Amino acid sequence: EIGELAHNFHRMRHSLFTDPLTGASNRSALQHILSTLTRPLPGQSTAAPFALLFVDLNRFKPLNDQWGHDNGDLALAEVTVRLRNLLRPDDVVARLGGDEFVIILRGVGDEEQVQAVRLKIDHALQQPLTTLQGLPAGEIVTVGASVGQALYPRDAQDPQSLLKQADQDMYRNKAPSVR
């Protein structure tokens, strides 16, 4: 019985903190992770540095409009896999909702490291989507993304301010044609 209870608890916790469409962490999990990461350990004035990236897909609405919501769902799942494949095992990919994602790069406080990851994200999301269904032969669909960043503790010290900072940076980087 105890094993079954533990299994049920684990399954319940997983469903509470996981986006059902993509398998990424959800908004609740992101808030919990950010609260934990910004809480200093006893005897320290700040917690370990990390980078937060705010990723907004650029051409997601036209994809949904032209190829349908089922293909939109497939695109979101494929984007999640691509993002996870770029990151280290202890980094986090969370879906805020719609076509917005947040990435947490643990232990990264260096601008050069963040820029290297941003370039990898840009390159990975410019590639044609391969999981879409029902497209005419030869049709190529891409989404691309605008990415903003915030570094803890440099840019902000609390979860909401970090998210706001990264969101504002993303919006500054978004091309006017995709706003």
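This is a predicted model: local features need pLDDT of at least 70, side-chain atom pairs count only at pLDDT 80 or more; totals for chains, interfaces and linings use all residues.

Colleague: OK, how many salt bridges does the structure hold?

Modeller: Nine. A salt bridge here is a side-chain nitrogen of Lys or Arg within 4 Å of a carboxyl oxygen of Asp or Glu.

Colleague: What does Lys61 pair with?

Modeller: Asp65, with the closest N and O atoms 2.9 Å apart. They're four residues apart in helix α3 (residues 60-67), so about one helical turn separates them. Helices are DSSP runs of H or I with at least four residues, numbered from the N terminus.

Colleague: Are Lys61 and Asp65 buried or exposed?

Modeller: Both are exposed, meaning over 50% relative accessible area, while buried is under 20% and partly exposed is in between (1.4 Å probe, protein chains only).

Colleague: And what about Asp169 and Arg118, buried or exposed?

Modeller: Asp169 and Arg118 are both buried. Their side chains form a salt bridge too, 3.3 Å from N to O. Asp169 is in helix α6 (residues 159-173) and Arg118 in helix α5, so the pair ties together parts 51 residues apart in sequence.

Colleague: Switching topic: which residues make the contact between α4 and α5?

Modeller: Val79, Arg82, Leu83 and Leu86 of α4, with Lys120, Ile121, Ala124 and Leu125 of α5. Contact means heavy atoms within 4.5 Å.

Notes. Residues are numbered from 1 along each chain as its sequence is written. Side-chain values use heavy atoms; hydrogens and water are left out. Helices (H or I, at least four residues) and strands (E, at least two) are DSSP runs, numbered from the N terminus.
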